[in-house]
Amino acid sequence: AEMAICASPTTGGTPCGQIDLDLLIADVVIMLECAGQCDAHHYGLSEGPLVVAGNGAFEFDLGFLHALHLPYLYAQGERAFRDAADDYADAFERRAGDDAAPAPVIDPEFEAAILAEFGIGLEDLVALEWEMAEAALTSGSPFLGLRKSELLARVSEGDRAARVDRDRFYQSLVLRPRPVWNEDKPQGALAKDWHPWRVNRKLSLMRRPMIQIDEGDDPEVLIFPALLARTVRRAFQLIDARLPSTMFDTRAVDRWLGKVVDERGHAFNIRVRDALRGLGYQAEADVLMTRLGGDKALGDIDVLAWRPGTSEVWAIECKRLLIDRTVGEIGERLADYTTPGKRNGKRTLIQKHLDRLDCLRVRPDGLAKLVGLPAAEMVVRAALVTDALVPMQFTGRMLDLVDRVCEFRSLADAFAIAPAGD
């Protein structure tokens with residue numbers, strides 16, 4: 001659909017038959033497969049070269065797929081299923097004496113960000129989704145075909161008229177034709193925002209679920225309530241910053257995401273610190289490098305942990321990360337966390353942690369004073385702890401740079417203290 005509105009006018013041309021449609025779908029499937037494998041080569045995940053067979057078929061090296069990608073995706077799927085099963089009963093629980101569950105409290109700053117981004121408030125957006133679904137059910141069709149003027153009239157009808165920015169709504173939630181589908185510099189977006197093998201794209205049906213199919217004065221717009229509902233659910237993921245800022249256009253969303261990332265990141269550091277204390281460690285969170293004799297530019301160590309009577313001190317990087325799904329996303333994540341040095345002229349995320357470790361090992365006196373160990377005996381270890389499963393836990397490449405990688409749920413196993421005498 002994203003390609004078609006740019007490349008296929010609604011008038012003229014050759015009628016599309018079933019064979020044409022089958023061929024188009026086959027071409028798209030091949031394109032998606034090639035694109036994913038291209039990412040595997042780009043990020044150095046494929047160990048073997050592409051082979052073109054005598055019949056013209058492509059033969060890809062699938063070692064990465066079976067060794068890392070599929071195990072990671074299967075683990076994510078199992079985790080999501082088990083979490084959903086554990087939480088299933090919560091939806092049906094009521095407090096004793098309550099006729100209904102209490103209304104959720106939504107941060108006003110979040111509501112303001114949604115209004116600025118979509119031109120419509122959160123409650124109005126949810127109400128519109130239901131109205132469109134009811135209209136489609138009544139018509140007996142999975143979608144509605146409305147003119148732009150009709151759509152905007154429905155969006156702003158009744159008491160919504162004073163609250164809705166119709167132009168912003170249309171600009172943000174309607175996927176419109178572009179002169180060229182695969183533009184190098186699409187307006188207000190990046191080239192990767194149309195790459196169909198990637199998720200979390202600004203120019204996708206998951207982000208803009210209503211489709212303008214012509215460029216007349218009052219163009220026709222197709223509204224799929226199922227897609228609109230998906231978009232609304234994804235908007236709620238902004239509450240805890242589970243979507244990248246690159247999907248959105250406004251400073252209000254940027255500010256909201258920055259605030260949440262800072263708050264949740266700090267809270268996760270505290271959570272890891274407290275868990276390690278519960279395991280018998282002494283631990284401190286958000287320790288500034290200047291306190292340990294380092295430069296201000298080195299920032300801070302998320303968590304320091306040590307145990308009296310041992311020489312090991314753990315410098316732990318704690319990360320709340322978005323879920324990676326595609327080959328490109330996994331490749332990008334691994335490039336940031338398993339590549340020392342620089343990428344694109346900037347230090348990689350893991351290099352920043354390695355720089356802090358180097359400073360602690362070269363100038364150990366400040367750390368030795370904090371933990372109460374002789375500097376000459378102290379051994380600094382490195383660890384990465386994440387709030388969820390990440391690709392780095394499925395590759396040995398990470399252990400070339402740090403001593404330990406785990407998610408929070410396995411923290412107790414990863415940092416368990418062996419009984420005396422073991």
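Reader: In E12, which residue is the bridge partner of alanine 315?

Author: This is a predicted model. E9 and strand E12, residues 379-386, pair in the parallel sense. Their pairing runs over 8 bridges. In E12, the partner of alanine 315 is alanine 382.

Reader: Which residue takes a positive phi in the hairpin of E8 and E9?

Author: The hairpin has 5 residues between the strands.

Reader: How many of the 8 residues of E9 are buried?

Author: Buried means under 20% relative accessible area. E9 is largely enclosed by the rest of the structure, because the number of its 8 residues that are buried is 6.

Reader: Is aspartate 324 buried or exposed?

Author: Aspartate 324 lies in the loop between strand E9 (312-319) and helix H10 (327-338). Its relative accessible area is 5%. The cut-off for burial is under 20%, so aspartate 324 is buried.

Reader: What side chain does aspartate 324 join in a polar contact of 2.9 Å?

Author: Leaving aside neighbours within four places in sequence, aspartate 324 is in contact with residues including Tyr72, Leu73 and Pro391. Arg333 is also in that set. The 2.9 Å polar contact is with the side chain of arginine 333.

Reader: What does leucine 21 count as, by relative accessibility?

Author: Leucine 21 lies in helix H2, residues 18-42. With Leu24, Ile25 and Val29, Leu21 makes a nonpolar surface patch of about 350 Å². Its relative accessibility is 36%, so leucine 21 counts as partly exposed.

Methods: Residues numbered from 1 in each chain as written. Predicted model: local features only at pLDDT ≥ 70, side-chain atom pairs only at ≥ 80, totals over all residues. Heavy atoms only, no water. Patch = residues over 30% accessible without salt bridge, like charges linked within 9 Å, V, L, I, M, F, W, Y side chains within 5 Å. Areas by Shrake-Rupley, 256 points an atom, 1.4 Å probe, with all protein chains shown as cover. Salt bridge = Lys/Arg side-chain N within 4 Å of Asp/Glu carboxyl O. Helix = DSSP H or I, 4+ residues; strand = E, 2+ residues; numbered from the N terminus. Buried < 20%, exposed > 50% of the residue type's maximum accessible area, 1.4 Å probe, protein only. Polar contact = N/O pair within 3.5 Å; in protein donor to acceptor, adjacent residues only side chain to side chain. Contact = heavy atoms within 4.5 Å. Pairing = 2+ DSSP bridges.
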